Amino acid sequence: MSPFERRFLFLLSSPRRLGNSEQLAYCAAHPLPPGTAQKWMHLLDFPLPDFADLRHNGPYHAPIGNAQLLLEATLQATDLVLVAPLYWYSLPAPAKLYLDHWSAWLRTPDLNFRPRMQGKTLWSITVSSGARPEAQPLEDMLKLTAQHLQMHWGGLLYGTGSRPNDIQGDAQALNRAKYFFSAAEAPLVAAETSA
Ligand SMILES: Cc1cc2nc3c(=O)[nH]c(=O)nc-3n(C[C@H](O)[C@H](O)[C@H](O)COP(=O)(O)O)c2cc1C
């Protein structure tokens with residue numbers, strides 16, 4: 001496998017399946033060049049144990065079970081895409097718990113998590129029922145997380161919807177999804193140009 005080949009890990013984290021964020025992620029992944037490695041994992045299928053803060057009273061042991069599977073998938077990826085509905089201006093609990101586990105993985109002997117995360121790209125695909133500024137805390141915390149791990153920040157693809165499938169009515173989000181993973185600028189759609 002070429003070291004320059006991109007490998008996407010899509011981590012779905014909505015507590016409901018086939019919801020708006022998941023649908024928007026499929027739209028963003030669709031234009032990826034044929035053959036681009038993609039792995040999709042729904043955090044509902046890989047429930048993690050409660051996070052235990054052992055930073056100051058004992059070593060962390062190598063992760064087992066779902067934590068091990070998520071760790072391996074994370075380390076395999078060059079591009080890590082957190083697909084998350086906006087919950088209280090931030091991440092839903094499964095996504096937040098996954099990131100809390102990074103704190104353990106950073107301190108697990110012999111894992112070398114930090115240097116192995118360095119240089120990967122972190123992305124987010126997020127849908128909320130409110131307005132884009134409400135997603136700012138989520139975007140800020142992910143950017144800072146990427147910075148902390150010396151990862152690149154790819155960006156946040158944002159869409160609007162409340163009930164499942166509402167995202168199909170957000171033409172701007174669907175348009176931006178087509179270009180999200182490419183360097184190209186999304187052409188403006190009618191509603192965006194009329195402002
Ligand atoms: C517990 C909970 C918290 C939410 N918090 C927000 C919020 O802070 N801002 C917002 O605009 N929408 C909020 N929403 C609405 C969801 O973001 C919205 O319904 C989204 O489409 C769900 O995406 P999904 O279908 O991928 O799960 C919340 C929904 C739930 C259930």
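Arg132 sits in the loop between strand E4 and helix H5; helices (H or I, at least four residues) and strands (E, at least two) are DSSP runs, numbered from the N terminus. The model is a predicted one, in which local features need pLDDT of at least 70 and side-chain atom pairs count only at pLDDT 80 or more, while totals for chains, interfaces and linings use all residues. Residues are numbered from 1 along each chain as its sequence is written, and side-chain values use heavy atoms, with hydrogens and water left out.

With a relative accessible area of 30%, Arg132 is partly exposed. Buried means under 20% relative accessible area, exposed means over 50%, and partly exposed is in between (1.4 Å probe, protein chains only). Leaving aside neighbours within four places in sequence, Arg132 is in contact (heavy atoms within 4.5 Å) with Glu139, Leu156 and Tyr158. From Arg132 to Leu70 there are 62 residues in sequence and 29 Å in space, C-alpha to C-alpha.

Not counting residues up to four places away in sequence, Leu70 touches Leu11, Met41, Leu43, Phe46, Leu48, Tyr98 and Trp105.

Thr74 is buried, with a relative accessible area of 0%. Its side chain makes a polar contact of 2.8 Å with the side chain of Tyr98. A polar contact is a pair of N or O atoms within 3.5 Å; within protein, one must be able to donate a hydrogen and the other to accept it, and residues adjacent in sequence count only if both atoms are side-chain atoms. Beyond its neighbours within four places in sequence, Thr74 is in contact with residues including Leu9, Leu80, Trp105 and Phe113.

Helix H1 (residues 20-29) is largely enclosed by the rest of the structure, because eight of its 10 residues are buried. Among the buried residues of H1 are Asn20, Glu22, Leu24 and Ala28. The buried residues of H1 pack against E1, E2 (37-42), E3, E4 (121-128), E5 and H6 (171-179).

The ligand is next. An oxygen atom of the ligand is 2.6 Å from an N or O atom in the side chain of Ser14, and a ligand oxygen atom is 2.7 Å from a polar backbone atom of Leu86. A polar side-chain atom of Ser128 lies 3.2 Å from an oxygen atom of the ligand.

Two loop residues remain. Asn112, in the loop between H3 and H4, has a phi near 55°, a positive value in a residue other than glycine. Asn112 counts as partly exposed, at 48% relative accessibility. Gln150, in the loop between H5 and E5, has a positive phi of about 55° although it is not a glycine. At 49% relative accessibility, Gln150 counts as partly exposed.
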